[in-house]
Amino acid sequence: METRQKVLQPVSPNHIRRWIRGAGSALWNLIVLFLPVALLIQSVHFLQEIFVQRQGALYFHAYRDGDTRSAYVLLILLLVFFQYQLLKNGFRQWRRILSRNWPPLVVAILLFALILDSYIMVNDRAIVHSDFLSLGRETTHTWNDVEKISVGYTLGDEYSDLFAGSYILQFSDGSDLEIWSGGGMGVSDLKVIDTLALKRKIPFIIQAPLSPDALDTLKTGNWSPEDQQFLTNLYQRR
């Protein structure tokens, strides 16, 4: 019985060139799609640093509540949509693409303005907050307006070691502001603000003590031993 053996054909230079061109084209498309997204995120921080009066801020950051996060996602999707249209039709057609898609362009500009105007600033005299929907307006509360502070937390599911803390300032006018997760604070920034609150002897409320799962999450997280100790003490304060 005759056995046939397959003969491996050498890869021709043309195949290699076509593969390189295809890989290069795919890489270029990814860069065109995602580089503007990265520039968008950086531009928000850069422009806020320029246009917002920081007034001796101990802490300044873009505010990230649920509305702002949703707007970010929608803005990124709109940006990817326009980039896809440019890739599909060619960059020379950008005027025609924008004129044909002016409604989503207007929405994208409005979302960018609202995101840019959403921030929190804390100094030793006051807390300044610009809400997502309050375009061009900001709310200022002095530290004397803070009646009490409450802290809480949420944990991720069984597949993630997520600890999301909340540090809520409750004001005398009945409003409140969460400045930890929503304000994008790291533990080092929270220490500074909490020290200021302690000096002012503001009443402090713990919404819920740390559960065993929460303690395990703190121990296995990326916090330093000093940060773990600070957070543990924060939720045991009386």
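Let me start with a term: a helix axis here is a line fitted to C-alpha atoms over the stretch in contact, and angles run from 0 to 180 degrees between N-to-C directions. Keep that in mind for the helix pairs. One caution before them: this is a predicted model.

First, the overall picture. The chain has seven helices and eight strands. It runs to 238 residues, and 35% of them count as buried. Now take the contacts between residues at least 6 apart in sequence. Of those, 60% join residues at least 24 apart.

On to helix packing. Two packed helices are described by the angle between their axes and the distance between the axes. Start with α6, residues 212-220, and α7, residues 225-234. Their axes come within 9 Å. They cross at roughly 160 degrees. Anything over 145 counts as roughly antiparallel, and α6 and α7 are therefore roughly antiparallel to each other. The crossing of α6 past α7 is right-handed. Who makes the contact? From α6, it is L215, L218 and K219. From α7, it is Q228, L231 and T232. By class, this contact of α6 with α7 has three nonpolar residues, two polar and one charged.

The axes of α5 and α7 come within 10 Å. The crossing angle is roughly 45 degrees. That makes α5 oblique to α7. The handedness here is left: α5 passes α7 in a left-handed crossing. On the α5 side we have V187, L190, K191 and D194. They meet E226, D227, F230, L231 and L234 in α7. This contact of α5 with α7 has five nonpolar residues, four charged and no polar ones. Note L231.

Next, the aromatics. How many aromatic pairs does the structure hold? Six. I will show two. The pair of Y153 and F163 is stacked. The ring centres are 5.3 Å apart, with 15 degrees between the planes. Y153 sits in strand β5, residues 146-155, and F163 in strand β6, residues 163-171, so the pair ties together parts that are 10 residues apart in sequence. Buried or exposed, these two, Y153 and F163? Both Y153 and F163 are buried.

The other pair is Y167 with F204, and this one is tilted. Centre to centre it is 6.5 Å, with 55 degrees between the planes. Here the link spans distant parts of the chain. Y167 is in strand β6, F204 is in strand β8, and they are 37 residues apart. Y167 has a relative accessible area of 0%, so Y167 is buried.

Last item, a backbone detail. Look at K201. Phi of K201 is near 55 degrees. That is a positive value in a residue other than glycine. Where is K201 found? In the loop between α5, residues 187-199, and β8, residues 204-206. The relative accessible area of K201 is 73%, and the cut-off for exposed is over 50%, so K201 is exposed.

That is the tour.

Notes
Residues are numbered from 1 along each chain as its sequence is written. This is a predicted model: local features need pLDDT of at least 70, side-chain atom pairs count only at pLDDT 80 or more; totals for chains, interfaces and linings use all residues. Side-chain values use heavy atoms; hydrogens and water are left out. Helices (H or I, at least four residues) and strands (E, at least two) are DSSP runs, numbered from the N terminus. Buried means under 20% relative accessible area, exposed over 50%, partly exposed in between (1.4 Å probe, protein chains only). Angles under 35 degrees count as roughly parallel, over 145 as roughly antiparallel, 65 to 115 as roughly perpendicular and the rest as oblique. A crossing is left-handed if the near helix is turned anticlockwise from the far one by less than a right angle, and right-handed if clockwise. Contact means heavy atoms within 4.5 Å. Ala, Val, Leu, Ile, Met, Phe, Trp, Tyr, Cys and Pro count as nonpolar, Asp, Glu, Lys and Arg as charged, and the others, Gly among them, as polar. Rings of Phe, Tyr and Trp (its six-membered ring) pair if their centres lie within 6.5 Å; planes under 30 degrees apart count as stacked, over 60 as edge-to-face and the rest as tilted.
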